[in-house]
Amino acid sequence: MSDRIRIFLNTPTGDTFLPGMKFGRNLKRGIVTNLTSWKSNDDPSRGSFMVYMNFNGLPQAYQNNGDVIQYRLGSWNGQAFTSSPGVTPSSIYKLEYVSNEREIYTRFEILMDSLLTRLTVTPTGNAGRFTWVNGTKKWFEFSSLNVDSCEGYAMCGVYAACNTTQGTTPCGCLEGFAPKSRAEWEMSNWTSGCQREVALDCGSREGFQRYQFIMVPDTKRSWYDTNMTLEECDGKCRNECNCTAYATLDVKYGTGCLLWYEELIDMRAIPRDGQDIYIRMSDLQLGNYSYRRATKKDERAFGSPKKIIIIIIPAILGLVILLGLLFLIIKKRKRKRKQKETNGPVVDKDVLDVPMFTLATLVVATNNFSINNKLGQGGFGPVYKGVLKDGREVAVKRLSVSSSQGVDEFKNEVIFISRLQHRNLVKILGCCFEGQEKMLIYEYMPNKGLDLFLFHETKSKTLGWLQRLHIINGIARGLLYLHQDSRLRIIHRDLKAANILLDHDMNPKISDFGLARSFGGNETTTNTRRVVGTYGYMSPEYAWKGIFSVKSDVFSFGVLMLEIMSGIPNRHNLIGNAWRLYTEGKALELVDSSLVESDYTFKMLRSIQVGLLCVQNNQEDRPNMSIVVIMLSSEGQLPEPKHPGFYIEEVVGDENPNHIQTENSCNKYTITNLIAR
């Protein structure tokens, strides 16, 4: 029963939202549509969890557990819901929001006829999108609406923002505000929130501070107008003492006005994809005063002499603080210069938004980096198993002192992976930076790398077809998150079997983001003269021209798929062999001989075809990862793959002076050096 689509066609509530359904309110008929969980998978009576739309102020969606708000899914900002601005409609579906005098609703439409999908709130309270997989006759979770530690409603209190990149302390007061109770904040209880450092008095000498990259606050006590400009919005809020903030209503077109009339709560920092909000502040904090000798006229404008003193004192303090900061900056630069001269390049701790471990702690955890604790060796350096004092098992990635590119990769990896949250990405726990020691600490993966299973004569036989398909789907979903659903839009650039780690339950997790690159805005393609990656996994346009894009990762994923299917590393013309067998109608000969489940023959052939579609020579012919995920989970007809990309191990007589050549590496190591041009 739990695997069937459950929908109530004649009632406004159920646990499932299907394509084309309206989620919201019919104002004429008074009908409101909610999503309500089942009590259990086998009991369809009303459960504890509900996803619903609140129509006080600007309409927004919440998820409740009983009477308690768990999550705020946000309001519509013209192109997406504010809780997930980076997750925009794609080639898979389109999202619609309608608000008029008759009805207010949102709905989504699927653009692929072969896809069967639903949005469901489960008995355990997980609201996610599920897709039907005919091969397994089950639903798999394509994406979740609740993905990180900042999703909890109002966890940081008023005038504070949650930020997943801040490590162990996700909550922080907005600039110009301070914790109401520092004692509670020190105990990691942030719900009391923050208060203004300078109180408002509803006088003429107040203005608005612009805060960027914010998920806008709860809008249940807000007012909005779709026709006003931002300037008109500023004027209206400025003239109303109880107006605390304003923002653009529609970020897509920069139109409309949204005003708040209460303390601001449930905000979060969303780098790159958040929006601007303008919060009412005292001019003392905006820096708009000009300091001069006060006259009687000035006294009327500023207030009494006592108020003038209050104004001057912060200015003096500000000057002292500024001089102190300049001293610290100069001292820090001298220290860095000296350390660079003696110890080589340094890493700025300011960019490491994760918990810091001491060297002494890691020495004890790894038994002084014993050879018996060594898990492996990569281009970055050795990796050791460690056990912390609290019993947690960790993997310690230690930067090799001789690594010429290690510092850049160290910074890159910790910055990216600390900001990414997905079940198919490895989780970073912290880092260490003492002297020449630079280390990253990860959750421990007991089954280590996928390559140790795939290419091992005995272990490969333990990987049945369903297990391999589970690994393929997990990698695909993780890569889709990097390319499309994460707020950073990451290109991995070194996807390979050795960089896929396996947990206790053989769930795949993408690791090693040292070579990753972030794309911004509508950027989709770029090029480089420093080609990095692993031989056998790099796409032709990247290997020979330095051009990389999301399609470069798609190529690497296609190679990885063929390796998982065959159990053969791509060092023996695997792509060419797969193409030859496919065109001869003998594709099943590519499949690992240990996979004897004849019931899955169709799915095996389909997976080979998807892999070949991913490794096509022309990058424009390769599908995006969103399409790959759909192809893997459906049984509709697939396009025929075109000629794949091939590699030549050595370039001879190249007359193009700008042509990029690379050193080759096997599956275990990463290319980080170039042959001189």
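Ala 61 stands opposite Gly 74 in S8. Strand S7 (residues 60-65) and strand S8 (residues 68-75) run antiparallel and are joined by six bridges. Strands here are DSSP runs of E with at least two residues, helices are runs of H or I with at least four residues, and both are numbered from the N terminus. Two strands are said to pair if DSSP finds at least two bridges between them. Two residues lie between the strands of this hairpin, and Gly 66 takes a positive phi near 70°.

The model is predicted, so that local features need pLDDT of at least 70 and side-chain atom pairs count only at pLDDT 80 or more, whereas totals for chains, interfaces and linings use all residues. Residues are numbered from 1 along each chain as its sequence is written, and side-chain values use heavy atoms, with hydrogens and water left out.

## Aromatic pairs

The count of aromatic pairs comes to 13. Rings of Phe, Tyr and Trp (for Trp, the six-membered ring) pair if their centres lie within 6.5 Å; planes under 30 degrees apart count as stacked, over 60 as edge-to-face and the rest as tilted. The ring centres of Tyr 52 and Tyr 62 are 5.7 Å apart and the planes stand at 25°, so this pair is stacked. Tyr 52 belongs to strand S6 (residues 43-54) and Tyr 62 to strand S7, and the two are ten residues apart.

Strands of a sheet pair through backbone hydrogen bonds, either parallel or antiparallel.

Arg 25 has Ile 104 as its bridge partner in S10.

## A sheet of eight strands

Another open sheet has eight strands in the order S15-S14-S22-S18-S23-S20-S21-S19, and its pairing is mixed. Its edge strands, strand S15 (171-173) and strand S19 (222-225), each pair on one side only. From one strand to the next, the twist averages 35°. Such angles run from 0 to 180 degrees between N-to-C directions, with axes fitted as lines to C-alpha atoms, for helices over the stretch in contact.

Strand S20 (residues 245-250) and strand S23 (residues 275-282) run antiparallel and are joined by two bridges. Here Tyr 246 stands opposite Tyr 278 in S23. Helix H2 (residues 230-238) packs on the sheet and touches strand S18 (206-215), S19, S20, strand S21 (255-260) and S23; contact means heavy atoms within 4.5 Å. The direction of H2 makes about 150° with that of S20.

## Cavities

There are seven cavities of 30 Å³ or more. A cavity is a set of points, on a 1 Å grid over the protein atoms alone, where a 1.4 Å probe fits but cannot get out; lining residues have an atom within 4 Å of a point. Grid points are joined across faces, edges and corners, and a volume is the space filled by probe spheres set on the points.

The largest cavity has a volume of about 100 Å³. Its lining comprises 15 residues, of which Cys 150, Gly 152, Met 215, Asp 266 and Arg 268 lie nearest its centre. Strand S14 (160-162) and strand S22 (267-269) each supply at least two residues of this lining.

Notes. 1 Å grid on protein atoms, 1.4 Å probe; cavity = no way out; pocket = protein on both sides within 12 Å on 5 of 7 lines; lining within 4 Å.
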